[in-house]
Amino acid sequence: VRIIAFGCHGDGSQRQEAVAAKLNEYLNLPFNGVVFVILLGDNCYHHGADSAVDPKLFHRFANMYPNRGQALRILYFALPGNHDENMQTKAMQLLN
């Protein structure tokens with residue numbers, strides 16, 4: 001069983017996009033053994049998302065991370081960080 005954990009990733013930068021692309025690549029490898037991913041906070045810089053449908057949330061997470069193939073079967077658990085301070089409960093639930 002493998003678990004992936006990372007944080008401080010929600011800035012929407014090209015570096016974040018590069019990491020997301022590598023994660024997509026890895027999670028689509030056959031028999032990678034990954035069961036879930038833990039997001040360690042700072043999921044949506046700098047002050048979180050304003051709602052569950054905030055475009056920042058989709059650009060910085062939903063449209064970037066595993067979104068095809070077997071990677072869709074991986075569970076994500078999001079923990080809020082200090083830069084997610086204004087992220088409302090519904091927005092955090094969407095990440096879960």
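**View 1. Contacts of Arg2 beyond its sequence neighbours.** Once neighbours within four places in sequence are set aside, Arg2 is in contact with Tyr26, Asn32, Gly33, Val34, Val35 and Phe36. This is a predicted model. Arg2 lies in strand S1. The C-alpha atoms of Arg2 and Asn32 are 7.9 Å apart, while the two residues are 30 residues apart in sequence. Arg2 counts as partly exposed because its relative accessibility is 46%, which falls between the limits of 20% for buried and 50% for exposed.

**View 2. The nonpolar surface patch of Val1, Ile3 and Val35.** Val1, Ile3 and Val35 make a nonpolar surface patch of about 320 Å². Val1 is located in the segment before strand S1, which spans 2-6. With a relative accessible area of 88%, Val1 is exposed.

**View 3. Phe31 in the loop between H1 and S2.** Phe31 sits in the loop that runs between helix H1 (14-27) and strand S2 (34-39). The phi angle of Phe31 is near 55°, a positive value in a residue other than glycine. Most residues other than glycine have a negative phi. The relative accessible area of Phe31 is 83%, so the residue is exposed.

**View 4. The aromatic pair of the structure.** The structure holds 1 aromatic pair. Phe36 and Phe77 form this pair, which is edge-to-face, with 5.4 Å from centre to centre and 90° between the planes. The pair links distant parts of the chain, since Phe36 is in strand S2 and Phe77 is in strand S3 (residues 75-78), 41 residues apart. Phe36 has 22% relative accessibility and therefore counts as partly exposed. Phe77 likewise counts as partly exposed, at 41% relative accessibility.

View 5. A search of the whole structure finds 1 salt bridge. Its partners are Glu25 and Lys22, whose closest N and O atoms are 3.7 Å apart. This distance lies within the 4 Å limit for a salt bridge. Side chains of opposite charge can pair when their charged atoms come close. Glu25 and Lys22 are 3 residues apart in helix H1, so about one helical turn separates them. Glu25 is partly exposed, with a relative accessible area of 47%, whereas Lys22 counts as exposed at 53% relative accessibility.

**View 6. The largest nonpolar core.** This core has 15 residues, and Leu27, Tyr65 and Tyr76 are those with the most contacts inside it. The elements that give two or more residues to this core are S1, H1, S2 and S3. In soluble globular proteins, nonpolar side chains tend to be buried together.

**View 7. The setting of the close-ups in the whole protein.** The secondary structure comes to 3 helices and 3 strands. From the N terminus on, the elements run β-α-β-α-β-α. Of the 96 residues of the protein, 41% count as buried. The accessible surface comes to about 5800 Å², and 58% of it belongs to carbon and sulfur atoms. Among contacts with a separation of 6 or more, 78% are accounted for by residues 24 or more positions apart.

Notes:
Residues are numbered from 1 along each chain as its sequence is written. This is a predicted model: local features need pLDDT of at least 70, side-chain atom pairs count only at pLDDT 80 or more; totals for chains, interfaces and linings use all residues. Side-chain values use heavy atoms; hydrogens and water are left out. Helices (H or I, at least four residues) and strands (E, at least two) are DSSP runs, numbered from the N terminus. Buried means under 20% relative accessible area, exposed over 50%, partly exposed in between (1.4 Å probe, protein chains only). Rings of Phe, Tyr and Trp (its six-membered ring) pair if their centres lie within 6.5 Å; planes under 30 degrees apart count as stacked, over 60 as edge-to-face and the rest as tilted. Patches are made of residues with over 30% relative accessible area and no salt bridge: like charges are joined within 9 Å, nonpolar side chains (Val, Leu, Ile, Met, Phe, Trp, Tyr) within 5 Å. Accessible areas come from the Shrake-Rupley method with a 1.4 Å probe; for residues, only the protein chains shown count as cover. A salt bridge is a side-chain nitrogen of Lys or Arg within 4 Å of a carboxyl oxygen of Asp or Glu. A nonpolar core is a set of buried Ala, Val, Leu, Ile, Met, Phe, Trp, Tyr and Cys residues joined through side-chain atoms within 4.5 Å. Contact means heavy atoms within 4.5 Å.
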